[in-house]
Amino acid sequence: MHPDLDHLIHLQHLDTETARAQATIAAMPSELAALDERVAAREQAVAAVRARLEESQRGRREVERDVAVVQTRLSRYKDQLMTVKTNKEYQAMQHEIATAEREVRTMEDRILDRMEEMEVLGAELKAAESALKAERAEMDAEKKKLDAVRASLETQVAEAGARREALVARISPDALALFEHVARRRQGVVVAEARDGHCAECHVRLRPQHFNEVRRNDSLIQCESCLRILYYAPPADAAQAQADA
Ligand SMILES: [Zn+2]
């Protein structure tokens, strides 16, 4: 194989790997943001249940204050009951007392309802808090994993950069200029395999004579359609036969 062609295939491999690593690194902030959103949603759920619980507590305290007011009134009535002079007054006071006692019972029922509600909400709050805790733990683990992946990709990119520099030094200036020219026009994918008479990147069928030239792998030949530099990889059996010969 032509040495430049061999080097360009390796260069392409390095560039492709580096581009993939860089794309993965570039996607990480949005992955992290998605994790933060999941936690934020759990935090909102906790805050919502807590707000309902506080509302319920407020309601209960309100009814308790009302009960106290009515009970004060009730004990005043009971005192007055001792001092009434007539039977009519006595009956009227009894009626007031019965009404106040009914009011107290109704309010005590409402307090019980509130207490039941608070019990349910308390359990809901506990569940929401433990879901938040689990989500936070999962997020921390995910972030650690992402950090480790990022560190390893950054190392890979740095190493590929060093290998690229060494490789580029061995490529003839014309071949390198061609590579860089096509790289700019084809988003970094410069080298293409010629497979079954086609360019594997743009899929155009190569003229038979053109394909035969490519198969020799002894010069830099571009696809006439996409301009990529073509190479031929013999099928595994043929490669083995060639190596054995
Ligand atoms: Zn092509």
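**Entry 1: salt bridges in the helices**

A salt bridge, as I use the term here, is a side-chain nitrogen of Lys or Arg within 4 Å of a carboxyl oxygen of Asp or Glu. I keep in mind that this is a predicted model. I placed both residues in helix α1, 3 residues apart, about one turn of the helix. An α-helix has 3.6 residues a turn, so residues three or four places apart point the same way. Arg-58 counts as partly exposed at 42% relative accessibility. Glu-55 also has 42% and counts as partly exposed.

I then noted a network. Arg-38, Arg-42, Glu-135 and Glu-138 are joined by salt bridges that share partners.

How many salt bridges does a search of the whole structure find? I got 18.

**Entry 2: pairs that reach across the chain**

I turned to Lys-143 and Asp-36. Their side chains form a salt bridge of 3.1 Å, N to O. The pair links distant parts of the chain. I found Lys-143 in helix α2 (residues 87–168) and Asp-36 in helix α1 (residues 3–83), 107 residues apart. Lys-143 is partly exposed, at 25% relative accessibility. Asp-36 is partly exposed too, at 37%.

Arg-50 and Glu-129 came next. I read 2.6 Å, N to O, for the salt bridge between their side chains. Arg-50 sits in helix α1 and Glu-129 in helix α2, so this pair ties together parts 79 residues apart in sequence. I have Arg-50 down as partly exposed, at 37% relative accessibility. Glu-129 is partly exposed, with a relative accessible area of 33%.

**Entry 3: domains**

I looked up how the protein is divided. Domain 1 covers 23–168 and domain 2 covers 173–244. How far apart do the C-alpha centres of domain 1 and domain 2 lie? They lie 66 Å apart.

**Entry 4: the zinc ion**

Which residues are the protein donors of the zinc ion? I listed Cys-199, Cys-202, Cys-223 and Cys-226, each through its SG atom. These donors lie 2.3 to 2.4 Å from the zinc ion. Along the chain the donors follow the spacing C-x2-C-x20-C-x2-C. Cys-199 lies in strand β2 (residues 198–199), and Cys-226 lies in the loop between β3 (221–222) and β4 (229–231), so the pair ties together parts 27 residues apart in sequence.

Why is the arrangement around the zinc ion tetrahedral? The 4 donor atoms subtend angles of 102 to 117°. Four donors count as tetrahedral if all angles lie between 85 and 135 degrees, so the arrangement qualifies.

Are Cys-199 and Cys-226 buried or exposed? I read a relative accessible area of 1% for Cys-199, which is buried. Cys-226 is buried as well, with 3%.

**Entry 5: helix α4**

I went on to helix α4 (residues 208–216). His-210, Phe-211 and Val-214 are buried there. Seen down the axis of α4, the buried residues fall within an arc of 95°, so they line one face of the helix. I checked what covers them. The cover includes β1 (191–195), β3 and β4. On the other side of α4, I found Pro-208, Gln-209 and Arg-216 exposed.

What follows α4? I noted Asn-217, whose phi is positive, near 55°.

Most residues other than glycine have a negative phi. His-203 lies in the loop between β2 and α4. Is His-203 buried or exposed? I have it as exposed, with a relative accessible area of 57%.

The other is Leu-227. Its phi is positive, about 70°, although Leu-227 is not a glycine. I placed Leu-227 in the loop between β3 and β4. Leu-227 is partly exposed, with a relative accessible area of 28%. Cys-226, one of the zinc donors, lies in the loop between β3 and β4.

How values were computed:
Residues numbered from 1 in each chain as written. Predicted model: local features only at pLDDT ≥ 70, side-chain atom pairs only at ≥ 80, totals over all residues. Heavy atoms only, no water. Donors = N, O, S within 2.8 Å, 3.2 Å for Na, K, Ca; no water. Tetrahedral: all angles 85-135°; square planar, octahedral: opposite > 155°, others 65-115°. Helix = DSSP H or I, 4+ residues; strand = E, 2+ residues; numbered from the N terminus. Buried < 20%, exposed > 50% of the residue type's maximum accessible area, 1.4 Å probe, protein only. Domains from an automatic or database assignment. Arc of directions from axis to C-beta. Contact = heavy atoms within 4.5 Å.
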